[in-house]
Amino acid sequence: MKNEVSVAVCSRTFSRNRVLRQELLLEFPNAHFNDDGLSLSGETLIEFLSGHERAIVALEVVNSTVLDQLPELKVISKYGVGLDMIDLEALKIRGVRLGWMGGVNRRSVAELVIGFAITMLRHIPSVNRDLLAGKWAQRVGGCLTGRTIGVIGCGHVGKDLVRLLQPFDCEILAHDIRDYSDFYSANQVEAVDLEILLKRSDVVTLHVPLDPSTRGILTGKRLALMKPGSILINTARGGLVDEDALKKFLQEDRIAAAAFDVFFIEPPEDPELLALPNFLSTPHIGGSSEEGILAMGRAAIMGLTNNEIPSSDFG
């Protein structure tokens, strides 16, 4: 039976996907999509959501200011996994329910990390620049096989990455505030302190949410612990790394390379960082595989009916 409640879909990616549109409309025929491709925030977000009982949001900021002007909004469902754009306490206070499923895009993100690691180990961005400039210079790179990989955060994506790394015979180090000792034991992962991980790893990759405990977790002081030949990868969230310090370390070859899919400000506003030959940047595409989009979209549709008032330890 079709549901007559009104649904607003903020996500531009969801709105452009024909399969997801059809699947949502089968259940919620009164769905309203972001067909104009608007970047919704503040008053434009409030206007778009006005009059709707449920909403699918992606990277839109949903806080008390927004919620106070949308008393009819009863359910928010998340397209994607990051919750840092949603004020969970504000939802809880107002009795707004949240639909969320962790890890739905884990394979899409984990594969991007593998791609980043191999790309930077083989110096592909810099040799491509050389070739485009008419310079034929074969540069010796390194294999991923046998490297020491440091995984900061071993939740859904971190675990999937560990599994994907198994054929590469890597030494895998992990740091997480949660106890995943059974998983570590089953997958030959060594749990270590963050500082030890940074000192020993050839490739460091971030897979933690952005919250008060992780914001700025990789300070300049911690980046200085990394080996000169090491690579830093961030496909998690902007705001985890001191980008100014990272730029300096890359410029001085104190860190060999970095690949970022996420930034403190998106789109990023530091052209010097983006132009560095040992820095690779992508526009937050970690979950943007065809398979990842469908998985996130279907989870968001499910979240419109399967949801709960978020608790303090939600997610």
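Let's start inside the protein, at strand β9. Val203 and Thr205 point one way from β9, while Val204 and Leu206 point the other way, and all of them are buried. Here, buried means under 20% relative accessible area, exposed means over 50%, and partly exposed lies in between (1.4 Å probe, protein chains only). Helices (H or I, at least four residues) and strands (E, at least two) are DSSP runs, numbered from the N terminus.

A word about the model before we go on. It is a predicted model, in which local features need pLDDT of at least 70 and side-chain atom pairs count only at pLDDT 80 or more, while totals for chains, interfaces and linings use all residues. Residues are numbered from 1 along each chain as its sequence is written, and side-chain values use heavy atoms, with hydrogens and water left out.

## The sheet around β9

Strand β9 belongs to an open sheet of 7 strands, in the order β8-β7-β6-β9-β10-β11-β12, with parallel pairing. Two strands pair if DSSP finds at least two bridges between them. At the edges are β8 (189-191) and β12 (279-281), each of which pairs on one side only. From one strand to the next, the twist averages 15°. Axes here are lines fitted to C-alpha atoms, for helices over the stretch in contact, and angles run from 0 to 180 degrees between N-to-C directions.

Which neighbours does β9 have? Strand β6 runs parallel to β9 and is joined to it by 4 bridges, and Ile152 stands opposite Leu206 in β9. Strand β10 (residues 231-234) also pairs with β9 in the parallel sense, over 4 bridges; there, Leu206 stands opposite Asn234. Further along, 3 bridges join β11 (residues 257-260) to β12, and Ala258 has Phe279 in β12 as its bridge partner.

## A helix across the strands

Now look for helix α8 (residues 156-165). Helix α8 lies across β6 (148-152), β7 (171-175), β8 and β9 (203-206), and runs at about 165° to β6. Because 7 of its 10 residues are buried, α8 is largely enclosed by the rest of the structure. Among the buried residues are Val157, Lys159, Asp160 and Leu165. What do they pack against? The buried residues of α8 pack against α6 (106-121), β6, β7, α9 (181-186), β8 and β9, where contact means heavy atoms within 4.5 Å.

Tyr180, Phe183 and Tyr184 form one aromatic cluster.

## Two nonpolar cores

A nonpolar core is a set of buried Ala, Val, Leu, Ile, Met, Phe, Trp, Tyr and Cys residues joined through side-chain atoms within 4.5 Å. The largest one has 29 residues, of which Leu223, Leu232 and Leu246 touch the most other members. The elements giving two or more residues to this core are α10 (194-200), β9, α12 (243-251) and β11. Helix α12 gives the most, with 4 residues.

A second, separate core of 27 residues includes Leu112, Cys154, Val162 and Tyr184.

## Aromatic pairs

The whole structure holds 6 aromatic pairs. Rings of Phe, Tyr and Trp (its six-membered ring) pair if their centres lie within 6.5 Å; planes under 30 degrees apart count as stacked, over 60 as edge-to-face and the rest as tilted. Phe14 and Tyr79 are an edge-to-face pair, 6.1 Å centre to centre with 80° between the planes. This pair links distant parts of the chain, 65 residues apart: Phe14 is in helix α1 (residues 12-16), and Tyr79 is in the loop between β4 (75-78) and α5 (88-94). Phe14 is buried, with a relative accessible area of 0%, and so is Tyr79, at 7%.

Phe263 and Phe279 also form an edge-to-face pair, 6.2 Å centre to centre and 70° between the planes. Phe263 lies in the loop between β11 and α13 (271-275) and Phe279 in strand β12, so the pair ties together parts 16 residues apart in sequence.
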